[in-house]
Amino acid sequence: MNDATTSNDIRLREGSSIAQRLVVAGSAAAVALCFTPGLFTHDALEIVISVVALLAGAAFVGVVMLTPAVVWIITPDEILIGRQRPFGKLQTRIVAKDDISGLQVPGSKTAKARFQLAFTLASGERLTSPPLSDVTHVHDTVARIAAQFDVPDVEAPVNPLDASNSEMRLGDPVEPFSQRDLRIAALIAVALSVAPYAYRLWRGLPPQWIDYLLLPLGLIAAFGVYRFANLVTGAFWIIREGDIRVERLWGNGQPRVDQIEGHDIKAITVDRRGRSEDEHCIVVIRLHSGRRFRSPRIGSRNEARAVGAEIVRRLGIGPEASQI
């Protein structure tokens, strides 16, 4: 669900669907069952490993299947909280406007642009909402809720992706690795390649072909680390009205800047980098020239879609190119 809807209600949701839970739980159970043959051996260590693996798999499946899905519906007069475990009954709670005495908007430790609403009740109880999915309108959403519940002195969070900013910032400014760090990494690569050869000489054993092969590979790896390590420092996006400034580094540490305008874009999509759709979604821009730009990690698919929609608006991207 979206944070802002066509009505006056604000809807927040957290938790996977039953189908998604079954897929994750089934995969974990399959991995755990791979260890069952160890139970029928006479090796005590294999039996212990199998038992631990099965118990860990069962615990993981239990956590996945028993974690409740939570839905908040914030209206001008109250907050309706629904909580439901898979295959369980829906539990509801209503928090009246007069019961709310304070509001804070703490950020997430794992994602810069993830925010939750923390309400303090007159009784002293603290209720924390699911994350705000529309990360581009956090200031407006918080101001709106504070006004409708008459909560004073609500500190606006620092949000680099808020649409109220003249420049939306994705990621961190890129900096090259120091020469000292590069030399240390190169020396480690050389040492690892030499270690098997030196060990066999120390034991009085003749080196094997693999030992000889590792020596030049270590030198190649050291050269690659020293020459190209800065290529993995990532990118820093500055999203402005009309264009996107993409800052990266060349292998030698020199800055590289690309500028993307709306007419350059052939397609803009939301993609997943990694296994989780709750943490590793990004915006991908493909140009008419064939070049492709992948944004720094944003967060959940809903959060990435919100950022993508704001990019579409700021750059004036036509509907034929937008696949958000």
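Visitor: What share of the contacts in the protein chain with a separation of 6 or more comes from residues 24 or more positions apart?

Guide: The model is a predicted one. Residues 24 or more positions apart account for 50% of those contacts.

Visitor: Which secondary structure elements does the protein chain contain?

Guide: The protein chain has six helices and 15 strands.

Visitor: How do you know how the radius of gyration of the protein chain stands against that of a compact globule?

Guide: For 324 residues, a compact globule would have a radius of gyration near 20 Å, whereas the protein chain has 26 Å. Along the principal axes, the C-alpha atoms fill a box of roughly 80 × 60 × 40 Å.

Visitor: What can be said of burial and surface in the protein chain?

Guide: Of the 324 residues, 36% are buried. The accessible surface comes to about 18,900 Å², and carbon and sulfur atoms hold 58% of that area.

Visitor: How far apart are the mean positions of the positive and negative charges?

Guide: The protein chain has 36 positive and 34 negative charges, and their mean positions are 8 Å apart.

Visitor: How do you know what span is expected of helix α5, and what span does the model give?

Guide: Helix α5 covers residues 209–228, which is 20 residues. At 1.5 Å a residue the expected span is 28 Å, and the helix reaches 28 Å from its first C-alpha to its last.

Visitor: Which residues of α5 are buried, and what is included in their cover?

Guide: The buried residues are Asp211, Gly218 and Ala222. Their cover includes α4, residues 179–202.

Visitor: Why is Ile220 called exposed?

Guide: Ile220 is found in helix α5. Its relative accessibility is 59%, and exposed means over 50%, so Ile220 counts as exposed. Between the C-alpha atoms of Ile220 and Arg183 there are 14 Å in space, and the two residues are 37 residues apart in sequence.

Visitor: What makes the span of helix α2 close to the expected one, and which of its residues are buried?

Guide: Helix α2, residues 44–66, has 23 residues and reaches 33 Å from its first C-alpha to its last; the span expected at 1.5 Å a residue is 33 Å. Its buried residues are Ser50, Ala53, Gly57, Val64 and Met65.

Visitor: Why is Leu90 called exposed, and where does it lie?

Guide: Leu90 lies in the loop between β3 (78–84) and β4 (91–96). Its relative accessible area is 54%; the cut-off for exposed is over 50%, so Leu90 is exposed. Leaving aside neighbours within four places in sequence, Leu90 is in contact with Gly82, Arg83 and Gln84. The C-alpha atoms of Leu90 and Ala69 are separated by 9.6 Å, with the residues 21 residues apart along the chain.

Visitor: What is the phi of Asp150, and why is this residue called exposed?

Guide: Phi of Asp150 is near 55°, a positive value in a residue other than glycine. Asp150 is placed in the loop between α3 (138–148) and β8 (168–170). Because its relative accessibility is 57% and exposed means over 50%, Asp150 counts as exposed.

Visitor: Why is Asp153 called exposed, and what is its phi?

Guide: Asp153 lies in the loop between α3 and β8. Its relative accessible area of 77% is set against the cut-off of over 50%, so Asp153 is exposed. Phi of Asp153 is near 55°, a positive value in a residue other than glycine.

Methods: Residues are numbered from 1 along each chain as its sequence is written. This is a predicted model: local features need pLDDT of at least 70, side-chain atom pairs count only at pLDDT 80 or more; totals for chains, interfaces and linings use all residues. Side-chain values use heavy atoms; hydrogens and water are left out. Helices (H or I, at least four residues) and strands (E, at least two) are DSSP runs, numbered from the N terminus. The radius of gyration is taken over C-alpha atoms; the globule rule is 2.2 Å times the number of residues to the power 0.38. Buried means under 20% relative accessible area, exposed over 50%, partly exposed in between (1.4 Å probe, protein chains only). Contact means heavy atoms within 4.5 Å. Accessible areas come from the Shrake-Rupley method with a 1.4 Å probe; for residues, only the protein chains shown count as cover. Lys and Arg count as positive and Asp and Glu as negative; His and the chain ends are not counted. The place of a charge is taken as NZ of Lys, CZ of Arg, CG of Asp or CD of Glu. The expected span of a helix is 1.5 Å times one less than its number of residues.
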